[in-house]
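Work through the exercises below with the model open. Try each task before you read its solution.

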Amino acid sequence: MMETRLPKAPEKRQVTAIFFLLLLWEAGSATINYSVLEERDSGSFVANLAKDLGLGVGELAERGARILSKGNKQYLQLERKSGNLLLKEKLDREELCGDTDPCILHFQVLLKNPVQFIQGELQLQDVNDHAPEFLENEILLKISEGSHPGTSFPLKIAQDLDVGSNTVQNYTISTNSYFHLFTRNHSDGKKYPELVLDQALDREEQPQLRLTLTALDGGSPPRTGTSQVLIVIVDINDNAPEFAQRLYEVQVPENTPIGSLVVTVSATDLDAGTHGELSYSFFQYSNQIIQAFEINSITGEIRLKKVLDFEEIQSYHVEVEASDGGGLSEKCTVVIEVMDINDNAPELTMSLLISDIPENSPETVVAVFGISDPDSGNNGKIMCSIQDHLPFLLKPTVENFYTLLTEGALDRERRAEYNITITVTDLGTPRLKTEHSITVRVSDVNDNAPAFTQTSYTLFVRENNSPALHIGTVSATDRDSGTNAQVTYSLLPPQDPHLALAYLVSINADNGHLFALRSLDYEALQAFEFRVGATDRGSPALSSEALVRVLVLDANDNSPFVLYPLQNGSAPCTELVPRAAEPGYLVTKVVAVDGDSGQNAWLSFQLLKATEPGLFGVWAHNGEVRTARLLSERDAAKHRLLVLVKDNGEPSRSATATLHVLLVDGFSQPYLPLPEAAPAQAQADSLTIYLVVALASVSSLFLFSVLLFVAVRLCRRSRAASVGGCSVTEGPFPGHLVDVSGTGTLSQNYQYEVYVAESSESQFKFLKPILPNFLGEGTGGRDSETNSNSRNRFGFN
């Protein structure tokens, strides 16, 4: 059986029904009503919710429909596929509602997508499953024999847990000649029996009567309950007790301790003796009354037997009877109002909770929950809040339901988790509150590209390294998490197309380690640069890049190379020194180069061995060989000097140069006889002739060199117009020598040719520069020095 206040939807226009239902919900008037008999089995059919809401069969499942009840007790369950609303368990109306009629169970229908609430009521209809029951098996009734016919005597009622027509509807009494029975209606609607005297009683004739009282309910068939009524006929007592007031009203707070005095009723009786002795008792009481209160039969004090609960029962109507010793009695009514105190904290029932929210999402539903407080008045009014400064909003919906929403897009990199405390507070005194904590995690979205720790890296590698050498590491981090933060490294194509990067370095894609693939040579490649990319594994993948500059460090892998004097196995050069030379006279200059760079190419010179120590010295920084003192006739004519040339590398490398020095008495005397062999005059003349021939040869060679230089320059200028016209063979020495001032290393613009003339009587050499390829480069200083030294060697000023 179903009843609803929803407008009936057209059969073929479900969309219109949903829209109209949504409008009703927004207006706060949409309520669906169902009724069902109690004690039906679990799973019993209640109604088809989809049909009643005008939704298709699959729409309830698509919109995530749920049935919510107050508190955590669920009475209904929903089959989303069929749309049927079923009983979740067998329901007992008396257990759920007591004597409250009608028995209404409230529920809500929650549609999650989009969020929508629909109020529902389930009326639990009573079935006649309880028979009337008297609390006493025997009712004692004392009636004075002087009672007049027509006097009525109320009897105690029977209890029936059913309601409506299923509760007690009528009473009957067994057949007798003295009494008949009326069924009366009490002020609270309950029916009670009243015994009416038909004829006068005679105690001496019949001192007591025993009758059977029967209570019948309105079920079909009716259920009955019985009790014995023992009527004791007493002597005449012409004064009945009289209460000071017929109605007592009292208010008792629900937290009043057990044993506390509630009220004291008082009655008087004008009779004397036993007829004036009064006793108090509850009359027509229920189980709820005798469980909560007790009465002192002598004093009339009513005290608490248990702590009252306003949320269970708000008021009690107690009938108190005062009876004297003669069997007369009088009754009064005590109304006990239970005063509510704030003894119940608010309750929160979570209906929907989404713990993971993707970052960058717009306004999103996080939770749906209901709040309640069984107290009344301000004690039952409740407020709901969350902490300040959180990107979340609480939005009330209907019937104390709230929705927790994100205020906007969340950023996991700023904050990955939120601990939200929902605080529900009532307005009672003192205020009670309930806190419910939930954790919302922000799931990652790949919205951050990897970032290198440096925009550029400079790595240093010493030449002659071993292949696969780890030369450095690049590192990039990603603020995302999980796969979105896993970085892969790669080499980007070089900007220089001539740089064979794939043959120089490689990179570990997982950790960014860089390795040299082959041995590097500083003399061939001093530096190179390339770009490294870092790409995450998110979707879509994001990347960044950094510049890596590799500088090759020079290793001391080249020994000094002596340019002059020649050490390649040719005839040794002999330097001529006049005996009249002053100390510090420049004998010659040892010229050497080193293919390395930096301090590895810084050369120093040292006189390692000499025929006569102390006569000659070598300047350490420029390799100049000079006389250390004045020469004398006693000094030997021929001297052999061994000069050590070493670089400043670690470890140091070195080379040696051998010099032959001949002392002469004058430049015109090329040969000085040795002390052990005195030359003849003829030999001196012969030496002079050789010297003249040598000078002529040198002059011819100089003239030839000048002509050759002019021819080379003319040939280079006409090279573009004439193919294969001229060619010049380069000298045997490297053309990329670096000039280091004062170290004896030659400039890049200089190459030397050495001419050696040798005969049995005399030796000398001539050193001259080959002019550079470009006339604009200045070489005058070195030429002047060389020419000056040459003139000095020949004795010219």
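Buried means under 20% relative accessible area, exposed means over 50%, and partly exposed lies in between (1.4 Å probe, protein chains only). This is a predicted model: local features need pLDDT of at least 70, side-chain atom pairs count only at pLDDT 80 or more, and totals for chains, interfaces and linings use all residues. Residues are numbered from 1 along each chain as its sequence is written, and side-chain values use heavy atoms, without hydrogens and water.

**Exercise 1. Cysteines**

Task: Find which cysteines form a disulfide, and state its handedness.

Solution: 
- Step 1. Apply the criterion: a disulfide is a pair of cysteine sulfur atoms within 2.5 Å.
- Step 2. C97 and C103 meet it, with sulfur atoms 1.8 Å apart.
- Step 3. Count the links: the structure holds 1 disulfide.
- Step 4. The angle about the S-S bond is 60 degrees, and the link of C97 and C103 is right-handed.

Task: Is C384 buried or exposed?

Solution: 
- Step 1. The relative accessible area of C384 is 16%, so C384 is buried.
- Step 2. C97 is buried at 14%, and C103 is buried at 0%.

**Exercise 2. Surface patches**

Solution: 
- Step 1. Set the rules. Patch residues have over 30% relative accessible area and no salt bridge; like charges are joined within 9 Å, nonpolar side chains (Val, Leu, Ile, Met, Phe, Trp, Tyr) within 5 Å. A salt bridge is a side-chain nitrogen of Lys or Arg within 4 Å of a carboxyl oxygen of Asp or Glu.
- Step 2. D235 has a relative accessible area of 39%, so D235 is partly exposed.

Task: Which residues make the nonpolar surface patch of about 350 Å²?

Solution: 
- Step 1. F702, V706, V710 and L714 make this patch.
- Step 2. L714 belongs to helix α6 (residues 681-717). Helices (H or I, at least four residues) and strands (E, at least two) are DSSP runs, numbered from the N terminus.
- Step 3. L714 is exposed because its relative accessible area is 53%.

Technical notes:
Areas by Shrake-Rupley, 256 points an atom, 1.4 Å probe, with all protein chains shown as cover.
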